[in-house]
Amino acid sequence: IATYTAEQKGSSLPCSINDCAYAEGVLYGGDDMGRIMALDLRQKQQQQQQQQLGYHLHLDKTTVLKSGISGISADDRYVYAAFDDGTLVCADCRKPGEAVSASRKSDSPVTRIVPTATNGEHIVSSSDGSCSIWMASAEGHGISGELLGPDCEPVSDVALHDLRGQGVGGLLVVTTARDGAVRSYQL
């Protein structure tokens with residue numbers, strides 16, 4: 001579809017995209033330099049390359065996040081980015097360079113960010129072994145709960161399963177970690 005590039009020393013070089021998310025016809029990607037790429041797939045292919053944009057996320061008028069993006073998620077209103085320095089950011093899809101809200105989970109890199117069925121709510125795992133419930137929107141943000149278990153083993157992946165259709169209710173969260181254990185939590 002396109003090659004994501006960055007201008008470096010006068011040359012256009014390919015950039016690594018660490019994670020991507022799709023919402024409302026737009027593909028979002030996050031790179032090692034803390035930028036969000038937005039590619040509108042509804043455009044014709046010739047226009048896509050012209051519309052491809054890389055944004056640095058600004059927390060305010062002076063603070064630019066330049067840590068690598070390790071995870072990204074999107075819905076019809078917001079783009080959610082998780083950074084290598086533990087920062088979690090919510091940005092408006094119409095202005096992906098401006099943070100609507102930001103929080104710091106820990107100093108450890110975020111390994112996964114997985115959206116739940118609730119708008120703005122995500123399960124976020126880190127290399128310090130923590131797994132948290134993060135809520136973010138223009139109205140507010142923050143960690144609303146912690147899932148215990150990995151005990152400092154980096155959480156490598158997170159999967160979700162909605163249990164409401166099975167008459168049980170809630171959400172099943174399954175995590176894997178470097179210690180080889182598969183853990184499950186019912187929310």
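**Sheets, loops and confidence in a predicted model**

Biologist: In which element of the protein chain is confidence lowest?

Modeller: The model is predicted, and each residue carries a pLDDT score. Mean confidence in the protein chain is highest in strand β7 (residues 69-74), at 89. The lowest mean is 49, found over residues 45-51, which form helix α1.

Biologist: How many contacts beyond four places in sequence does the model have for residues 48-53?

Modeller: Across the protein chain the average pLDDT is 76, and 74% of the residues score at least 70. Over residues 48-53, pLDDT stays under 50. For this stretch the number of contacts beyond four places in sequence is 19.

Biologist: How many strands are there in the protein chain?

Modeller: The protein chain has 187 residues, and 47% of them are buried. Its helix count is 1. The strand count is 17.

Biologist: Among contacts between residues at least 6 apart in sequence, what percentage join residues at least 24 apart?

Modeller: The set to look at is the contacts of the protein chain between residues at least 6 apart in sequence. Within that set, the share joining residues at least 24 apart is 37%.

Biologist: In the antiparallel pairing of β8 with β9, which residue of β9 is the bridge partner of alanine 81?

Modeller: Strand β8 (residues 78-83) pairs with β9 over 5 bridges. In their hairpin 3 residues lie between the strands, and glycine 86 takes a positive phi near 90 degrees. The β9 partner of alanine 81 is valine 89.

Biologist: Which residue in β10 stands opposite valine 89?

Modeller: Strand β9 (residues 87-92) also runs antiparallel to β10, joined by 5 bridges. One of the bridge pairs puts leucine 88 with serine 103 in β10. Opposite valine 89 stands alanine 102.

Biologist: Is β9 largely enclosed by the rest of the structure or largely open, and how many of its residues are buried?

Modeller: One face of β9 carries Thr87, Val89 and Ala91, and the other carries Leu88, Cys90 and Asp92. Both faces are covered. The strand is therefore largely enclosed by the rest of the structure, and the number of its 6 residues that are buried is 6.

Biologist: Which residue in β16 stands opposite aspartate 162?

Modeller: β15 runs antiparallel to strand β16 (residues 171-177). The two strands are joined by 7 bridges. Opposite aspartate 162 is leucine 171.

Biologist: Which residues of β17 lie on its uncovered face?

Modeller: β17 pairs with β16 in the antiparallel sense over 5 bridges, and leucine 172 stands opposite glutamine 186. The covered face of β17 holds Arg183 and Tyr185. The uncovered face holds Val182, Ser184 and Gln186.

Biologist: Is glutamate 24 buried or exposed?

Modeller: Glutamate 24 sits in the loop between β3 (17-23) and β4 (26-31). It has a positive phi of about 50 degrees although it is not a glycine. Its relative accessibility is 54%, and a residue over 50% counts as exposed, so glutamate 24 is exposed.

Biologist: How many disulfides does the structure hold?

Modeller: Cysteine 20 is partly exposed, with a relative accessible area of 46%. Cysteine 131 is buried, at 0% relative accessibility. The number of disulfides in the structure is 0.

Note on methods. Residues are numbered from 1 along each chain as its sequence is written. This is a predicted model: local features need pLDDT of at least 70, side-chain atom pairs count only at pLDDT 80 or more; totals for chains, interfaces and linings use all residues. Side-chain values use heavy atoms; hydrogens and water are left out. Two strands pair if DSSP finds at least two bridges between them. Helices (H or I, at least four residues) and strands (E, at least two) are DSSP runs, numbered from the N terminus. A disulfide is a pair of cysteine sulfur atoms within 2.5 Å. Buried means under 20% relative accessible area, exposed over 50%, partly exposed in between (1.4 Å probe, protein chains only). Contact means heavy atoms within 4.5 Å. pLDDT is the predictor's confidence in each residue, from 0 to 100.
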